[in-house]
Amino acid sequence: MLKKSLLIAACLALAAPAAEANDRYATRPPVVVSPDLTAPWVMQLTGQGVQPAVTSRRIVNRQQAQQRRIMRQQPATAPAAGGVQLAAVTGARPVQTQLDPMFLPQIVDYDTTHRPGTIVIDTNNRFLYLVMGDGKAKRYGVGVGKPGFEWAGTHKVTAKREWPSWTPPKEMITREAAKGHYLPAFMEGGPENPLGSRAMYLGSTLYRIHGTNAPWTIGYAVSSGCIRMRNEDVIDLYERVNVGTKVIVI
């Protein structure tokens, strides 16, 4: 009987801690939140295993600043195909704003019998040469007449104008009106004028060497016969030539 009583008492003693443990976890313990909610927890994981959390706010702030710098460096929009930058102009027409470097002014070898100061315009290759002598010439990129408006010949510069006004020929006004493009009868000189910053008039013809407010057309055949240059290039040429300069268009 005594042994039986001792056995019952021992069982009750062993059961008591278990009961207390069950009572202790009957409800979930409170959640303890890190005082630094910005701690970069992902940085705790490395190839060596789990590392202690980095909770330094200085480190966190430096990482956030670095992310902001990276975001500022990213382009707002994807670049156009081929890396060509586009821009909107009057009429929201996208145009190229980068010029092929070969059309920029440069000194080149040029073997010719023409006297220094002569202008030679190669319409097929879209280049204007100002002969310098000693086998050299200054070459500029130009825009030329579109199909049906090509021409060739020899003339002289008979007049020079800074920021020239523009009076479209009646034939051009009629031709453009038929296409739904209505030209003004007269336009004062200025940045919006299609003749650009300078013009050199060729003999008694309607043709000119002039600037343009559409520099992306350099290197193309798009004009009604005039020779177009970038405004900065036509200013440079304008300062180098005089009235009476011989101009050869081939």
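Buried here means under 20% relative accessible area, exposed means over 50%, and partly exposed lies in between (1.4 Å probe, protein chains only). With that in hand, Asp-236 is partly exposed at a relative accessible area of 24%. This is a predicted model, in which local features need pLDDT of at least 70 and side-chain atom pairs count only at pLDDT 80 or more, while totals for chains, interfaces and linings use all residues. Residues are numbered from 1 along each chain as its sequence is written, and side-chain values use heavy atoms, with hydrogens and water left out.

**Confidence**

- The average pLDDT (the predictor's confidence in each residue, from 0 to 100) is 75 for the protein, and 61% of the residues score at least 70.
- Please take care with residues 32-60, where pLDDT stays under 50; the model has 25 contacts beyond four places in sequence for this stretch, a contact being heavy atoms within 4.5 Å.
- Residues 66-94 also have pLDDT under 50 throughout, with 16 contacts beyond four places in sequence.

**Nonpolar cores**

- A nonpolar core is a set of buried Ala, Val, Leu, Ile, Met, Phe, Trp, Tyr and Cys residues joined through side-chain atoms within 4.5 Å.
- The largest one holds 20 residues, and Ile-119, Leu-128, Ile-209 and Leu-237 touch the most other members.
- Two or more residues each come from β6 (119-122), β7 (127-133), β11 (198-202), α4 (231-240) and β15 (246-249); helices (H or I, at least four residues) and strands (E, at least two) are DSSP runs, numbered from the N terminus.
- The top contributor to this core is α4, which supplies 3 residues.
- Leaving aside residues up to four places away in sequence, Leu-128 touches Ile-119, Val-120, Ile-121, Lys-138, Arg-139, Tyr-140, Val-142, Ile-209, Met-229 and Leu-237.
- There is also a second, separate core of 9 residues, including Val-108, Val-120, Tyr-129 and Ala-137.
- As background, nonpolar side chains in soluble globular proteins tend to be buried together.

**Salt bridges**

- The model has 6 salt bridges, each a side-chain nitrogen of Lys or Arg within 4 Å of a carboxyl oxygen of Asp or Glu.
- Asp-236 pairs with Lys-138, and their closest N and O atoms are 3.0 Å apart.
- Asp-236 sits in helix α4 and Lys-138 in strand β8 (residues 136-141), so this bridge ties together parts that are 98 residues apart in sequence.
- Lys-138 counts as buried, at 13% relative accessibility.
- Lys-179 and Glu-176 meet through their side chains at 3.1 Å, N to O; Lys-179 is partly exposed at 47%, whereas Glu-176 is buried at 11%.
- Arg-230 bridges to Glu-232, again with the closest N and O atoms 3.1 Å apart; Arg-230 is buried at 16%, while Glu-232 is partly exposed at 46%.
- Shared partners join Lys-138, Asp-236 and Arg-240 into one salt-bridge network.

**Around Gly-145**

- Gly-145 belongs to strand β9 (residues 144-145) and counts as buried, with 11% relative accessibility.
- Its C-alpha atom is separated by 8.4 Å from that of Tyr-220, a residue 75 places away along the chain.
- Beyond four places in sequence, Gly-145 touches Glu-150, Ala-221, Val-222, Ser-223, Gly-225 and Cys-226.
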